[in-house]
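Trainee: I want to go through the terms for this structure one at a time. Please set each value against its definition.

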Amino acid sequence: MSLSLADIKGCPLDRQRFTWRELVQRPISKLDADAFTRVRIILMNGLELEALRFQHAAARMNRELRLALARVRRVEHHQATAVNWLIGADHSPLETTIAYEQVAVEVTAAVAQREPDPYMAQTYRFGLLEDFDHLYRYTAMLDRLEGKDANNILQCYSDILPGRPTVVEHRAPEDDLRRPFDAATAAPLTKLHALTIMAAEQQTHNYYMNIGPLFSDPVARLLYAEIASIEEQHVTQYESIIDPDQTWMEQWLQHELMEVYGYYGCVQQESDPRIKALWERFLDYEMGQLAFVIDLFKQHERRDPQEVLPDRLPDPIPFASQRDFVRETLQSEVDLRANGTEYVGDAQDTPASRDYREHMNAEGSPTEAVADGYRWRPGTELGPPPPQAGF
Amino acid sequence: MKETTTGLNRTGIKASPIDAGELLETLQMGPIDGIDAAAPPVTADQLRMSYRDSGDRVGSMPPPVTVKGLFGSAVQALSGNRLQVLLDKLGERAAYERSGTRLYDAALRRFAGLALPAGMSIEALSEIREEEARHFQLLAATIEDLGGDSTTQTPCADVTAVQGMGLMQALNDPRLTPAQALQTLLAAELIDVASWELLIELAEAFGLDEAVQRFGAALEAENRHLANVRGWLAAAIDEEAHGKAVATAP
């Protein structure tokens, strides 16, 4: 059932308050919670952190919006805290990394299948196969460094196989830029997808940049350095599909709408009643923030917000295993490369990207080294012989 | 007492029979590009060696800054002893005992007001905590007596703190069962006992008779801690496994 945006109310901004105790709720159980509950937590933390990143940039460029931005941002910050602190401390940084890559794989694959713009869908499939490969590399690292099975995080929802090898994902900056959608003609879903995936990727980039130095093992440090560099490329890619000619107010409105859309999807699909209650509360908060920004939009732009907002929210992004789609995409598109804004076969890779990649890999490739000959199996490399398929 | 219960653990492959069947199809796939390829030109071990062979260390010992320290170093050097090695190991033990005191603070919080395993009491737990704190003070005083600086974080102190991070993380998790908390303390005590034994051997080699005597008393206490914790843990597991009655803490 889609949500009407005709009469937005939500919780008024001045009633969106927290105590410290409310910010720090009991974490989910790493062992007992469904992997998609963790996927939703990580994704929504990404959306909140993107809201903060955007609103800080906006405050630096818009004198007259500073107070309004500060007020909304305070709530966004506390929402991010409440959401992110649901991850328990028994997740090692590498285990959380596995969960981040599951978000990237499953959410991007879901988005790619529903995206109405074929070029955007291609862009998501392109990014998907790169994150899919990261999941494989980190799985090898988790097994070989900590002796742990990534499937305990993934819960059998996601395959663990090489994708487009990370070693060839390194591109010259000019091959990371894509063609943006036109905000005047793009479908509402196209805008929501682009912001959502960009939000998830910038969060992943920041996470890897923060935790990479926590590892003592030089190969783990190298691995995070290499994959963080791809996440930076992905943020560049997904940022570039967004129409840069939208005004600050229009972009703010779209960000708030994206958050409403995200929490709406979580409310619809959450299986854990305690976490669902939090999603419901934050959906109400985000509706209030959207209403607040709609009023600001009217004041500052002197035009009708309905010009840029849809009447109804599209159906939510499904949170479910996209295994078949990922396998098909892997089969047909693993050899694609980027040439400027276009996707081409590996023979049309650009000299600039080849030069850049050869130099970066000149002293060895951490992602190749860590997964040398690695094939996941239950209990993984040191485990018992694998059971047969169909078990 | 909160015990481990049977519930919806979703981690094992048998927890997801349908999805597992699909996942296991990947094991039947033939040669896969990127897995069944030649070894990379630079292997993970080669990358690690290149860092190991740089010769870097986590840090250094400070040079002696007091007359006592300079004199002590010179005297020990005449006997072929390097005082900074002893000071480093004393610094390690001091750091461990100070953190160990905090570990027992966490344990006291964990068990306060709860039913305890047979034979365990809050008084006995508090006593261990106090002895850990006294051991820290004994070690700090010994370092100062030797002309060292007891506030220095020595290289071995740094490494032992890294090792202890897992113990701290585990014990401070409010979701731990009593048996899980005691298992954490057992790991801490086993390290402590063996490390005191080695420290005493080292102090003997340096001819520090008075310190050796005091350290011997500390080791005796640590052996008592180990025996207590081990016994409480055995009782806690026994109670979990067989549902025996437990004592209640005051």
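Mentor: What follows takes the two chains in turn, then their contacts. This is a predicted model, in which local features need pLDDT of at least 70, side-chain atom pairs count only at pLDDT 80 or more, and totals for chains, interfaces and linings use all residues. Residues are numbered from 1 along each chain as its sequence is written, and chains are lettered from A and ligands numbered from 1 in the order in which they are written.

Trainee: How do you know that the radius of gyration of chain A agrees with a compact globule?

Mentor: The radius is taken over C-alpha atoms, and the globule rule is 2.2 Å times the number of residues to the power 0.38. For 391 residues a compact globule would have a value near 21 Å; chain A has 21 Å, so the two agree. Its C-alpha atoms fill a box of roughly 60 × 50 × 40 Å along the principal axes.

Trainee: What does the rule give for chain B?

Mentor: A compact globule of 250 residues would be near 18 Å, but chain B has 24 Å. The box for chain B is roughly 75 × 65 × 25 Å along the principal axes.

Trainee: What makes a residue count as buried?

Mentor: It needs 20 or more other C-beta atoms within 10 Å of its own; 12 or fewer makes it exposed, in between partly exposed, with C-beta atoms placed from the backbone. In chain A, 50% of the 391 residues count as buried. In chain B, buried residues make up 31% of 250.

Trainee: What makes a set of residues a nonpolar core?

Mentor: Its members are buried Ala, Val, Leu, Ile, Met, Phe, Trp, Tyr and Cys residues, joined through C-beta atoms within 7 Å. The largest core has 111 residues; Ile98(A), Val103(A), Val260(A) and Tyr263(A) touch the most other members. A second, separate core of 20 residues includes Leu103(B) and Leu125(B).

Trainee: Which elements of chain B supply at least two residues each to the side that touches chain A?

Mentor: Contact means C-beta atoms, placed from the backbone, within 7 Å. By that test, 32 residues of chain B are in contact with 37 of chain A. The elements are α1 (17–28) and α2 (44–52) of chain B, where helices (H or I, at least four residues) and strands (E, at least two) are DSSP runs numbered from the N terminus. The largest share, ten residues, comes from α1(B).

Definitions and conventions: Two residues are in contact if their C-beta atoms, placed from the backbone, lie within 7 Å.
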